[in-house]
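Start with the charges, then move to the fold and the surface. Keep the structure in view as you read.

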Amino acid sequence: MGETKQRDYVFDTLRGLCMWSIPISHFTRMAGHFSHDSLSGIVYITINVFVMQAFMFLSGYFSKKPEKSRTIAFKTFLWPYILSIFFFYGIRTLLWGHATLYFDRPPFAMWFMLALFLYKVFQKNYVKIPHFFAITFVLYLFAGCIPFLTEFLSLGRIVSYFPFFFLGYYCTPEHISKIKCLKRWQCWLLGIVLTGISVYLAFGLKEIPVEWYLLRRPGAEIRVMWYTDVLMRLLLVVLGCAWIVLMFNVLPGKDNYLAYVGRNTMPVYIFHLVVRQWIRKHGITMGLFMLPEADSVLYYVLIFGLASLCVVVFSSKPVSRFYDFVVDGLYSVFMWMMNHIVLGFFGAVEKTLVGCGLGIVRLLERQKQ
């Protein structure tokens with residue numbers, strides 16, 4: 001029993017770390033002094049080579065029951081996604097004075113919810129397909145060469161992150177135990193190597209734009225050759241898996257604040273995007289004072305500090321309860337409408353049609369008599 005609790009806390013802690021990293025990534029890009037060959041570039045690239053991969057891995061790991069995954073898919077993932085379309089349309093309108101209501105492109109980072117819905121709702125079917133994991137991996141490698149895998153319905157990302165979900169699905173507790181075998185010096189060495197690779201990607205490989213690491217568009221659209229795209233995707237698999245292994249070995253197994261955040265990720269995921277939009281308009285200083293120099297300590301304190309503040313505030317119990325109250329409340333209203341109005345309407349139509357049919361039959365019988 002104790003071992004199970006410890007394992008669960010490690011997962012929660014990893015999820016919490018990833019959730020804290022996402023606003024850092026977004027705020028770094030929007031802060032006002034972003035450049036590829038700088039500390040900003042190192043931070044942004046480091047986060048984006050493993051964070052969403054780790055999220056998908058964790059989602060797949062806890063999706064061992066395909067039937068249950070299908071049952072909860074709509075309420076847990078698609079419903080918040082649908083609400084976010086209208087919510088962020090309102091936010092953009094308030095901030096910018098105008099906005100376009102898109103249904104073919106997920107707003108901001110909400111592609112993640114659409115992807116998980118599709119992964120889970122069809123999971124019961126595709127897990128039965130022989131060698132399907134190998135198929136998803138090959139598709140991932142060449143996704144950047146396929147012109148229609150774009151931001152339309154986030155098809156590029158849905159295909160590109162699928163193998164990590166599948167990897168988590170096939171991973172067992174025994175595999176996790178084997179992963180968590182590194183000694184302290186090995187963790188330090190792996191961390192130094194991975195950080196060094198991020199530094200090289202930021203300063204020595206500037207021909208790969210940071211946009212590429214989001215895996216949302218074909219390489220040709222951002223001037224990356226097809227063979228470079230494939231090789232970089234291979235490297236990304238290695239880096240993503242290596243960071244996940246490192247995290248499992250260095251993160252604490254006991255309950256902690258990051259584990260708490262990991263159990264309350266959705267409000268942080270949703271509401272920090274509002275702050276991201278505000279930063280996009282006013283900068284990291286929120287328009288209160290002049291923007292610090294690009295590589296000054298204050299500049300990065302503002303980025304990390306504001307990201308941490310978002311995590312603390314939006315994962316708090318009052319905000320989490322408010323989020324659940326709104327999302328679950330609107331879901332209850334929606335289901336009531338479906339059951340009493342929509343289904344009632346179709347039921348009335350069905351009764352009317354049946355009644356008309358019976359009337360016609362009786363009329364024909366009378367004519368025969």
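How far apart are the mean positions of the positive and negative charges of the protein? They are 5 Å apart, for 35 positive and 19 negative charges. Lys and Arg count as positive and Asp and Glu as negative, while His and the chain ends are not counted. Each charge is placed at NZ of Lys, CZ of Arg, CG of Asp or CD of Glu.

This is a predicted model, in which local features need pLDDT of at least 70, side-chain atom pairs count only at pLDDT 80 or more, and totals for chains, interfaces and linings use all residues. Residues are numbered from 1 along each chain as its sequence is written, and side-chain values use heavy atoms, leaving out hydrogens and water.

Now the fold. The protein has 15 helices and 0 strands. These are DSSP runs numbered from the N terminus (helices H or I, at least four residues; strands E, at least two). The C-alpha atoms fill a box of roughly 95 × 50 × 50 Å along the principal axes. Of the 369 residues, 46% are buried. Buried means under 20% relative accessible area, exposed over 50%, and partly exposed in between (1.4 Å probe, protein chains only).

Next, the charge pairs. Side chains of opposite charge can pair when their charged atoms come close. The whole structure holds 9 salt bridges, each a side-chain nitrogen of Lys or Arg within 4 Å of a carboxyl oxygen of Asp or Glu. In one of them, Lys124 meets Glu67 at 2.5 Å, N to O. Lys124 lies in helix 6 (residues 123–126) and Glu67 in helix 4 (residues 66–96), so this pair ties together parts 57 residues apart in sequence. Lys124 is partly exposed at 31%, and Glu67 is partly exposed at 41%.

Asp255 and Arg263 also form a salt bridge, at 3.3 Å, N to O. Both belong to a network of salt bridges that links Asp12, Arg15, Asp255 and Arg263.

Finally, the nonpolar surface. Val138, Phe142, Met225, Trp226 and Tyr227 form a nonpolar patch with about 540 Å² of accessible area together. Helix 7 (132–142) and helix 11 (226–250) each give two or more residues to the patch. Trp226 lies in helix 11 and is exposed, with a relative accessible area of 53%. Patch residues have over 30% relative accessible area and no salt bridge; like charges are joined within 9 Å, and nonpolar side chains (Val, Leu, Ile, Met, Phe, Trp, Tyr) within 5 Å. Areas come from the Shrake-Rupley method with a 1.4 Å probe, and for residues only the protein chains shown count as cover.
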